[in-house]
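Subject: Structure for you to look at

Hello,

Here is the structure I promised you. Please open it beside this email and follow along.

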Amino acid sequence: MDDLELRSVIYRRFASHGVPPSRHELIELIGSEKEATARLRRLHDAHMIVLDDRPHRAGEIRMALPFSSEPTDYRVTTDDGGWWANCAWDSLAIVAALGRDAHVESTWSDTGESLDFDVVDGQLSRRDGFVYFQVPARHWWDDIVFT
């Protein structure tokens, strides 16, 4: 299995289960902790995944954009399950990646009020509001978890 095949395994698990495979599962799949660590690090360094650097989750997959491994303010649901997105933009990317009708639950960033909408046949059920990018795209990877 090469790095891109590993990336595909990670994305397929996110899409099918809403969470990535655990580090332990990937070590078992690859057959070596050292090799698994090296492959995951290469994917991280290439901005294909984001590894968690917090001590209690070090080395686990935190993100495989647009998917988040933990709860956020952006939840996408379909008849098949639910996924956490990293931001408003990623919630729409999850809908596009899954290719299904979906419901998105979020909040307005300026008021904190609930914001729910549906995407049906590729069309948004709401047209009010906008997605605001606080950080220019060229700086997203300076701190992708914050961005």
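Start with Ser68. Its side chain reaches the backbone oxygen of Glu70 at 2.9 Å. Keep in mind that this is a predicted model. Ser68 sits in strand S3. Is Ser68 buried or exposed? Its relative accessibility is 2%, so Ser68 counts as buried. The cut-off for buried is under 20%. Setting aside neighbours within four places in sequence, Ser68 is in contact with Phe14, Gly18, Arg62, Trp84, Ala85 and Asn86.

Now move along to Ser69. Ser69 is in the loop between S3 and S4. Ser69 has 16% relative accessibility and therefore counts as buried. Its side chain makes a polar contact with the side chain of Arg57, at 3.4 Å. Which residues beyond four places in sequence is Ser69 in contact with? They are Phe14, Pro20, Arg57, Ile61 and Arg62.

**Helix H1**

Phe14 leads us to H1. Phe14 is one of the buried residues of H1, along with Asp3, Leu6, Val9, Ile10 and Tyr11. What do these buried residues pack against? They pack against helix H2 (23–30), H3, S2, S3 and S5.

Check the length of H1 next. H1 has 15 residues, and at 1.5 Å a residue they should span 21 Å. The end C-alpha atoms are 21 Å apart, so the two values agree.

At the start of H1, a side-chain oxygen of Asp2 comes within 3.1 Å of the backbone nitrogen of Leu4. After H1 comes Gly18, with a positive phi near 80 degrees.

How do H1 and H3 cross? Their axes come within 10 Å and cross at roughly 85 degrees. Angles of 65 to 115 degrees count as roughly perpendicular, so H1 and H3 are roughly perpendicular to each other. On the H1 side, the contact is made by Asp3, Leu6, Arg7 and Ile10. On the H3 side, it is made by Arg39, Leu40, Arg42 and Leu43.

**The nonpolar core**

In soluble globular proteins, nonpolar side chains tend to be buried together. Here, the largest nonpolar core has 25 residues. Which of them touch the most other members? They are Ile10, Leu26, Leu40, Ile49, Ile61 and Ile94. Several helices and strands each supply at least two residues of this core, including helix H1 (3–17), helix H3 (33–45), strand S2 (61–64) and helix H4 (88–98). The largest share, five residues, comes from H1.

Beyond its neighbours within four places in sequence, Leu40 is in contact with Leu6, Ile10, Arg23, Leu26, Ile49, Leu51, Gly59 and Ile61.

**Thr78**

Go to strand S4, where Thr78 is found. Thr78 has 14% relative accessibility, so it counts as buried. Its side chain reaches the backbone nitrogen of Asp80 at 3.0 Å. Leaving out neighbours within four places in sequence, Thr78 is in contact with Trp83, Leu98, Arg100, Asp101 and Ala102. What separates Thr78 from Asp110? Along the chain they are 32 residues apart, and their C-alpha atoms are separated by 27 Å.

**Backbone points to check**

- Pro66: the peptide bond from Leu65 to Pro66 is cis, with omega near 15 degrees. Pro66 lies in the loop between S2 and strand S3 (67–68).
- His47: its phi is positive, near 65 degrees, and His47 is not a glycine. His47 lies in the loop between H3 and strand S1 (50–51). At 40% relative accessibility, His47 counts as partly exposed.
- Asp121: its phi is positive too, near 50 degrees, again in a residue other than glycine. Asp121 lies in the loop between S7 and strand S8 (123–124). Is Asp121 buried or exposed? Its relative accessible area is 68%, so Asp121 is exposed.

Best wishes

Key
Residues numbered from 1 in each chain as written. Predicted model: local features only at pLDDT ≥ 70, side-chain atom pairs only at ≥ 80, totals over all residues. Heavy atoms only, no water. Core = buried A, V, L, I, M, F, W, Y, C linked by side-chain atoms within 4.5 Å. Buried < 20%, exposed > 50% of the residue type's maximum accessible area, 1.4 Å probe, protein only. Helix = DSSP H or I, 4+ residues; strand = E, 2+ residues; numbered from the N terminus. Contact = heavy atoms within 4.5 Å. Polar contact = N/O pair within 3.5 Å; in protein donor to acceptor, adjacent residues only side chain to side chain. Expected span 1.5 Å × (residues − 1). Axes fitted to C-alpha atoms, helices over the stretch in contact; angles between N-to-C directions. Parallel < 35°, antiparallel > 145°, perpendicular 65-115°, else oblique.
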